Amino acid sequence: MANTVKINIDGQAYEVPAGSNVVDVSKFYADNDIPVFCYHPKMSPVGMCRMCLVEMGTPNRDRATGELIMNDDGTPQIRWNPKLQTACTMTATDGLHLRTQTQEVAEARQNVLEFILTSHPLDCPICDKGGECPLQNLTMRHGPGVSRMYFDDKIRLDKHVPLGDLIFLDEERCIQCARCVRFQEEVVGDDVLAFHERGRSLQIIAVGDPPFDTYFSGNTTDICPVGALTTADFRFGARPWELTEVPSICPHCPVGCNISLSTRLERDFGGRAAIKRVMPRQNEAVNEIWICDKARFGHHFTRSADRLTEPLLVKPRGRMAVKWDEALTAAAEFIQAAGGDVAAIAGPSLSNEDLWSLKKLVNGAGSERLGAWPPTHGGVDLLMEVGVGAGTELKSLGTGDAVLVIASDLEEEAPVWRLHIKQARDRGAYVVVANARPTRMDDFASATIRYNYGDGAAVMRDLRRENAEIAQRLADADNLIIIAGVDGLTLDGSRALMQAAANFLIETSHVGRPLNGLLMTTPGANAVGAAYFGYTPEAALDIAANPPKVLIVAGADVLGDDPTAAAWIDQVETIISLTLFDDDVAQRAQVALPIQSFAERDGTFTNGERRVQRFYTAQGPLGMALPAWQAIARLGEKLGQGRPALSASMVMLEITREVPAFEGARYNELSKVERQFPDVGGEDLYYGGTAYKNTGGLGVQLGTSETAAPAEVSVPDGPIIRADEIAVVPTTRLYNRERTFAPSANDVLRPRVPEAYAELNSADANARGIADGDTIDITVGANPAVRVRARVNGTAPQGVILLPRHLADEAAPLTVSAATVSKVQEPEPAVGD
């Protein structure tokens, strides 16, 4: 073990990393759980609660010579501190001695608990934290058996205080450990909580407008050591001991956060298992122990009333519900009649097993047309060559390392990556943010680069010439990661940006090793997996330009994403839709097949770092829905393509044999776990909070090319903007109304999802007679106008209107486009109104 020291805990010697926190090493190496309330292994120690008091001693040395003074038996003489010390504020140094089990220590712990309980309410039977409460557990283990305090002296405070729209505070239960305040300040960088008042009146308050405005608020409930903080979604919903925990993967973005689905048999769900809450699951290489609020509260679509629950088939009498066999037989007949003129469009949250099965079906039908949806992110295939090296853990970035974020609003597109990069900056990493507009990431940047919309690829290509000092610092970094998005870029522009970024990494020797390489903020959970199986956005655009006789649309909201889609999709003779919802495509389809959500089946996703990870069946299926891979395989059987696999694991086994990159990604390998540091998720919930230990697997990271070489970068021209037009740039909001989030957006997250809006520069607004708050129509070509509320502020550059996707009823353009903007005249109020 490199750079280690020897310490002694309760008479036993241990070799531990030098400078490590004493609470951490005592737990990890000595299996000695020093109790804590305020300390958390992911935050700086503050020594506030005093629960971790221990006896501390150091070797005695001769003041003149500095030599150790030895006992008669040859052991170093230990000089014990006359007073107890807080273990959380000590680090491991050579020769350190600790006593954690003495009478003095036991009395100190009992005294601390007695003081905490002087004004803590005795409402454990109705407390959401009951059963997984650190205070409850530590009181049973270390606290006094009786109270000496008068009940009438207990202070009484408010018990239902909304800190925001998602988190409630019980002021009586709060023990002022400051974990929540420190988490928001240290880890997130959103300083939205604070202490107010003093003494026994001290309480937590939310600051800012809206209050508690952060994408990571739910994590405060995990690390709260008492029942003071609860979520609006789970409050009074179930008891922890009633829940069954099932390992899963967040389906919403490329990070691939490990989560635990807490399920319970529900009468209102027909006696089947239903998700009651979503909790973080530790994976230090991916999300550590944190998740964003979209992952936590965005599960309601899995039980949405809008789900398609039975196969539908268009018959002479109309669209009718049928049995699976009849629907698959009809679909097979359509495919056979197409004579090979078949294509497929796959959405970004299909599993690897779904994508492989669909590829086999299309290839077996005589076609190679596999489109990745949405067709916005070019160059995803470059991640196979120059993506971050195997063994990358973003949490390890620090002094001497560098990160470039370009054309991406990272907090909105991949929130936990933003968390990692913010903390890397805190540890000394050089962080550069390049974009055409300000983003939240600017607050954590060492340097920023501003450019005109459409120039992102050129800025990356010409970085050495146009931004020489920044480029040199990036090139000279020990480790370099580039994170690329598509903000303001066409599909060809995004591919050019990815290639330019790949060239820079290759030329500066920042590929093929951990903490070096390329990332992309792709949509959904498995856009990278789709690239491995040959699905491309270019193929999707070709399908739109040359519609096939039979189009299979799987997990893609084509009409909800693309305002031009209606024109070309109506030219398709036969649509076969595999979908969660009875959406617009399903309603146009001759055959609509219900598929299961990620929560209802087994499968795998490949995240943005190329880590293949398993998710497990947690929730009972809705209606007659099947896993997409199974529905596709049964359709293939009707076409004579062989019998379907018996399980998702069998499909993955086939993938590992047929796709070289996936060799070694069998389910038994994906399911392997190992002890992680810090060791959270055990019974000692006071240490790391209620994040769950990883029992479902850490996944397998796919390798990269060993022969990657630079390639020519061809920067395309942007759209032509006439004098009466403006460039409309579609942007991403984490909270929106896309189909897989709308049920949550209309429920617990309703207050956090804004009404449809667009951002204009004041000069552009004044030229068109538009004021802040006006209703406007944005029209691109012959597409239906997008009606939104105008926000006139300093975010949008002049000549550009920023239009968030999936907020309005109408679809925003897929990529940057020329548009006209007009003010909608509001009707005059009637006389007397």
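User: Happy to start with P280: in which strand is P280 found?

Analyst: Keep in mind that this is a predicted model. The stretch to look at covers residues 272-280, and P280 belongs to this strand, β14.

User: Is P280 buried or exposed?

Analyst: Leaving aside neighbours within four places in sequence, P280 is in contact with D222, N258, I259, S260, I289, W290, I291, R296, A691 and Y692. The relative accessible area of P280 is 0%. The cut-off for burial is under 20%, so P280 counts as buried.

User: What separation do the C-alpha atoms of P280 and N219 have?

Analyst: Along the chain, P280 and N219 are 61 residues apart.

User: Thanks! Turning to I655, which residues does I655 touch, not counting those up to four places away in sequence?

Analyst: I655 sits in helix α22, residues 648-658, and is buried with a relative accessible area of 0%. A665, ten residues apart from I655 in sequence, lies 8.8 Å from I655, C-alpha to C-alpha. With the sequence neighbours left out, the residues that I655 touches are N352, E353, W356, F533 and F662.

User: Is the crossing of α7 and α21 left-handed or right-handed, and what classes of residue make the contact?

Analyst: As α7 passes α21, the crossing is right-handed. Sorted by class, the contact has three charged, two polar and seven nonpolar residues.

User: And α2 with α3: at what angle do their axes cross?

Analyst: Helix α2 covers residues 103-116 and helix α3 covers residues 134-142. The two are oblique to each other, and their crossing is left-handed. Their axes come within 10 Å and cross at roughly 135 degrees.

User: How do the residues in the contact of α2 with α3 divide by class?

Analyst: On the α2 side we have R109, Q110, L113 and I116, and these meet L135, L138, T139 and H142 in α3. The contact of α2 with α3 divides into one charged, three polar and four nonpolar residues.

User: Now α14: which exposed residues are carried by the face turned away from its buried side?

Analyst: In α14, residues 468-476, the buried positions are I470, A471, L474 and A475. Seen down the axis, these fall within an arc of 135 degrees, so they line one face of the helix. That buried set packs against β19, β20, β21, α13, β22 and α15. The face of α14 turned away from the buried side carries E469 and D476.

User: Last one: what is included in the cover over the buried residues of α17?

Analyst: Helix α17, residues 537-545, has P537, A539, A540, I543 and A544 buried. Around the axis they cover an arc of only 155 degrees, which puts them on the same side of α17. The cover over them includes β17, β18, α15, β24 and α19.

How values were computed
Residues are numbered from 1 along each chain as its sequence is written. This is a predicted model: local features need pLDDT of at least 70, side-chain atom pairs count only at pLDDT 80 or more; totals for chains, interfaces and linings use all residues. Side-chain values use heavy atoms; hydrogens and water are left out. A crossing is left-handed if the near helix is turned anticlockwise from the far one by less than a right angle, and right-handed if clockwise. Helices (H or I, at least four residues) and strands (E, at least two) are DSSP runs, numbered from the N terminus. Ala, Val, Leu, Ile, Met, Phe, Trp, Tyr, Cys and Pro count as nonpolar, Asp, Glu, Lys and Arg as charged, and the others, Gly among them, as polar. Buried means under 20% relative accessible area, exposed over 50%, partly exposed in between (1.4 Å probe, protein chains only). The arc is that of the directions from the helix axis to the C-beta atoms. Contact means heavy atoms within 4.5 Å. Axes are lines fitted to C-alpha atoms, for helices over the stretch in contact, and angles run from 0 to 180 degrees between N-to-C directions. Angles under 35 degrees count as roughly parallel, over 145 as roughly antiparallel, 65 to 115 as roughly perpendicular and the rest as oblique.
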